[in-house]
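Below is a short briefing on one structure. Read it with the sequence and the 3D view side by side.

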Amino acid sequence: MYIFPNMGGLKKKARFLAYMVKGLLMAYTGRRRCDNRDDFRNKRLELAGELLERELKVHIAHARKRMSKALQRDLYSDREVRPIEGYLDASIITNGLQRAFSTGAWSHPYKRLERISGVVATVGRTNPLQTMAELRRTRQQVQYTGKVGDARYPHPSHWGKVCFLSTPDGENCGLVKNLAVTGLVSTQMPENILPELLDSGMEELLDDTSTDLGNKDKIFLNGDWVGVCTNSSAFVTDLRNKRRRDQLPHQVEIKLDKSLKEVRINSDAGRILRPLLVVENLHKIKESKGTKWEHSSFKSLLENGVIELIGPEEEEDCRTAWGVRYLLGKGGDKYTHCELDMSFLLGLGCSLIPFANHDHAKRVLYQAQKHSSQAIGFATTNPNIRVDTLSHQLYYPQKPLFRTMTSDCLGKKWFPLGNNNKLPKAEFYNGQVAIVAVNVHMGYNQEDSLVMNRASLQRGMFRSEHIRSYKSEVDNTESKEKRKDNVNFGKIQSKIGRVDSLDEDGFPYVSANLQSGDIIIGRCAESGADHSIKLKHTERGYVQKVILSSNDEGKNFAVVSLRQVRTPVLGDKFSSMHGQKGVLGFLESQENFPFTRHGVVPDIVINPHAFPSRQTPGQLLESALGKGISLGGSLRHATPFSTPSVDDIMDELHRNGFSRCGYERVLNGRTGEMVRSLIFMGPTFYQRLHHMSEDKVKFRNTGPVHPLTRQPVADRKRFGGIKFGEMERDCLIAHGASANLYERLFTLSDSSQIHICGKCKNVANVILRPVSGGRKIRGPYCRICESVDDIVMVNVPYGAKLLCQELFSMGINLKYETQPC
Amino acid sequence: MDAVWIETQNLDSLKMKKSDFDRAFRYEFDNENWNPNFLLEGPIEELKTNTELRNVLEAEVLKLAHDRSQLATEITCKSSLPLPVNLKRLIRNAQKDFKVDFQKTSDMHPLEIVEAVDRLQERLKVVPGDDLVSQEDQKNATLLFSILLRSSLASKRVLQEYRLSREAFEWLVGEIEWRFQQSFVTAGEMIGCVAAQSIGELATQLTLETFHCVGLSAKNVTLGVPRLREIIGTAKTIQTPSLSVQLKPGSGVTSEDVKRVQCDLEHTTLRRVTHIAEVWYDPEPMNTVIEEDVDFIKSYFETPNEQVSLQRNSISPWLLRIELDREMMVDKKLSMGDIAEKINRVFNGDLECIFNDENAEKLVLRIRIMNGEAHPGEIQDGSADHVFLKKIQSNMLSEMTLHGIPGINKVFIKAIDVQKFNEEDGLQNHKEWMLETEGGNLLAAMCHEHVDAARTTSNHLIETIEVLGIEAVRRSLLDELRVVMSFDGLYVNCRHLALLCDVMTYRGHLMAITTHGIARNDAGPSMRFLFEETVDALCDAAVSAETDHLRSIREYNMLGQVAPFGTGQCALCPNDDMLNNANELQLPSSYGWS
């Protein structure tokens, strides 16, 4: 029998089939709820290992088939059978895997011929937070977008496993999810836990249909019906204790379903688990002081049963307290588990935001999803050795004044210890602490723009460097095949660009200043043809490093990286940690800013209008807290959901001699008189995002045109223009600006001339024709009347001429009436 | 008028009660103790004695009263209209600039004011020309503004309310004239483009789905973008056609009358009032198999009835028995007799119809076919009859109109506020009944005796143009567009909508702004192929060797010439005469020209 191959014994299969039918009938009659497709207990995550295994399996199967076919061919035709290695074509597997990685199209888990796309993506290296966040991202495959509205909604089973705030907005909203801070994914276990189950009181399912199972509960292991037991709660408790004592693997999930009279045990891979404190074992922490496993690691806590991993099924049976302090209260004994920390239900990006629970969710989403991955920080710790295609580096990155629980917990054992002998943290904050005043400043910071202190920028605030690498390959001169034209690195006089900065070997010297239009790598063929690489029109920089090496295929290649230092200029984008993004609007000199009695001058001035509609009091709280911290205060944590209260912050400020609400009395920098209203000032953590105006500015007067239509090209890289579309044309028409329209659409675009024969009204050509006297001249000539009299030249756009010729090719002739103007 | 210079202004004389009106505008000459503090001594004496002066001022007041009634009855009932030259602001500016003191009296004579205002009106010329058409045009163009002007600058108001001095008043008059000239639209303004952009920008703010009309009637009206598309595309069938029926002044008073008209209009078929309809085999016409009907048949045939006895032999044995729903009958105000009569009328005596008493338990209609002798072709056995009877049944149930006008499915009664003008009280709100229907048949509805044909409208454009003609549909188009826009609270100046309506109707028939409309009319081939359906239009043009006279802006752009709109309307030509007398100038050599 091929049904239920994982079960032996026909009677067992019969029982299982009956069980399935019973479930179906109960669901149909409404006595049992239908399974929810979006509940996490019915979902599994596929990690990299599984995916690779699947892909490899497919390719190996493919290679095997080829091998057997080749063998058979040889056998049938009575040829010599070679040793078996000759038949195995390893390149099928290599090429197949390579193709899967490069295109991202992976084999479908159960449909043989289909592929899932989007499995492979390049990991971003803008800053370390982006890398970490991308590595913790999950993607859900849906065939048809639109219908699956439910899949995009958050489900209660997501709590603590998947961050319910950080998800991209747009077409992937709700489908791409990020793992929560403490979420773990279960892996495959090699051990069989059946003996343990039998130990705890399970009776094995006999292969017959006669034993009465009416009052016994069924036990399922990974969906297989393996046994029954009479006292399920005792059984379950026993198993759980075993797990806490490390006798069962920690990933095993045990669920008792009283309504269906089932016990479900899951041990397969792909479940998302999260750690919770076990209330009854909490006393062990106190007892453990002095023993060898005190504070040593998470693993030891797990082994001793203080923490256990809970999956989505088992979570229903737990009564979890929100925090430790609830355990100590009156109703503390009704809880079985306790959350480690309240902020751990968010993902990595969100839990780093201070006072995130005070902000509007949309702003938290922007910060977590977008700004944190676009911020410029310290992308790598070995920039001197790496040659990335594009990398940014902030000159003076800083740690923010506040701390969150998550940022405190990120650290690895083998990092050198920092101050206070505590573990240092991996730094995921990418920005600097700036003194921010919430004030209007001469109208330059309206509509989300910022005014910055020029002196701070001159001292190096938010200065960053950008490194871009250019790569080039040459054919190997030692290869056996002689190509037509061997290209090699070298300096030749080039017509396409300036070669002043190149050395003799074709590479520029380090710290050469290259502009757009310079040759960056000189390559020439033996025949003298020029294959040099030229800088496009917006690229420039100083040469940082030149590397010459060879790759696996034996070809030589060279990499030249250029470095640009970018001080913030007007138009560069900045953001605070609360989704308040803005563009630099004005650089004000330090002396013109309002100053406090201590002489503190703001670095950034943000417009107060940014706050009412966006509802981010989190930024103001962060500012006030930061002020308190910088004066030596003791409040430091700004973890979401366990933030210090506003009163505490105000007290802290007051204790240090500042106004309770964070206001400052300032004096006008220009006139010196006291400003009558109080200004809110405080240190806030700001990030510089990698959208910079220099990368986006477009300008062109005349430039490259499209060969077919002779109109300007569209790209910025290729020195193109901006489209002046139909609606813009309508606006000019509505203004009555006729000459402007003429200029925009004709003179500056594709003006050209055609000749028209006055007699037959057709378009005349310009050809080379012989003239009396034996010479040939180039001039207009009407082929139809075969004469040159009466030919006039008119100005028309090239597009018109093109249209005329295309219609002509279709068989439609256009004739023109002309009039002298 | 350029839409840019127009502001909403209030015509306050419209809403005033008579007493307020008098107080604001009329001088109380006849009062013995009249000693106004806003006039100087001289004019007061004159007014008391000089009858000519009094006549002039009386005439002024009369004109104002006439304006008021004309405005209310003929033009509109809204008191705030978009008009150029914001008079109130100008008056305020005059008061501020010339430091008018509200305690002092003005140094002007009321006669001067009246004359100055008259002269001003003459100078506000929109349409030049002396012939009758131009003069009437001029009057129509400045009608509203003149009313506003006269009511704002009435002599008593200027003296009493505004207290303008002579200087201030003269400045004011000059300013009004200048600003009026300024609000003319520039010659060559691209009104089509501006109108299209104005309407289009608002259309982007409309909802994409239809809204249900909230209210007692729960009636569906298409609104938003789908409705706009129907209107502009002059769709032949629209989603919610409806009529808005106003009743004649006498008959719209009590709700009883209105209900009667509603029943008259609403189309009722037999199906609406039928509970059950069955075909029975009942061989004896005098007796019946059905137990319930035994009594009623017996009593019916006791009273001798001529018709029945004559044709007893040829009555079909098959019976169509219809049971009617009592509630529906009452609701539609129908009686059994009506129905029977209708059936007899429609089938011309081919059917015999018996009905039982109104007060019986069940309302039953029994119908049998009369097999006349003169049916030679028909088989005389009963089998064909019942098929025939079934056909009759379905026909009667669905097609036979008992009541009302076909096409009108449902009629709702609505109470609306109507503003009626009354000499005494000015504009007053008045409650009136009107009917709104679902489904439309304008022609038939207008013919009903209680319906006021002059005020009944349909929202279906094709119907309006068929019944009422092109001018009516232009107005209807404007109204429909306004309804769509104003439902969301948006405002478009009516000149843009008016332009759209005019463009759609000026050819004498409704032209839709779609491929069909634009392409099928006499635009040049370039316009057609640039709009939609490029290849088809080009091939058609080529096959018939069409000439394109290159009149539109697109064609100028296509061929790279300065289009003659806006600044391209005029060109500079050198004046040859002056050139002849010109002196040559030496250019300074520092320009570097050789």
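**Where the two chains meet**

In this predicted model, 18 residues of chain A are in contact with 19 residues of chain B.

The chain A side of the contact
- At least two residues each come from helix 18 (726-735), helix 19 (738-747) and strand 37 (791-797) of chain A.
- Helix 19 of chain A supplies 6 residues, the most to the side that touches chain B.
- By class, the side of chain A that touches chain B has 12 nonpolar, 5 polar and 1 charged residues.

Two helices in chain B
- Helix 6 (residues 110-123) and helix 10 (residues 166-182) of chain B have axes that come within 10 Å and cross at roughly 15 degrees.
- Angles under 35 degrees count as roughly parallel, and helix 6 and helix 10 of chain B are therefore roughly parallel to each other.
- The crossing of helix 6 of chain B with helix 10 of chain B is right-handed.
- From helix 6 of chain B, Ile113(B), Ala116(B), Leu120(B) and Arg123(B) meet Phe169(B), Val173(B), Ile176(B) and Glu177(B) of helix 10 of chain B.
- The contact of these two helices of chain B has 6 nonpolar, no polar and 2 charged residues.

An annotated domain in chain A
- An unreviewed UniProt entry places "domain: RNA polymerase Rpb2" at residues 12-46, 124-182, 219-280 and 720-818 of chain A.
- Residues 219-280 of chain A are 21% helix and 42% strand, with end C-alpha atoms 26 Å apart.
- Residues 720-818 of chain A are 33% helix and 28% strand, with end C-alpha atoms 34 Å apart.

Terms used:
Residues numbered from 1 in each chain as written. Chains lettered and ligands numbered in written order. Predicted model: local features only at pLDDT ≥ 70, side-chain atom pairs only at ≥ 80, totals over all residues. Axes fitted to C-alpha atoms, helices over the stretch in contact; angles between N-to-C directions. Helix = DSSP H or I, 4+ residues; strand = E, 2+ residues; numbered from the N terminus. Parallel < 35°, antiparallel > 145°, perpendicular 65-115°, else oblique. Left-handed = near helix turned anticlockwise from the far one by under 90°. Contact = placed C-beta atoms within 7 Å. Nonpolar A, V, L, I, M, F, W, Y, C, P; charged D, E, K, R; others polar. UniProt positions renumbered as here; feature names shortened; annotations may be inferred.
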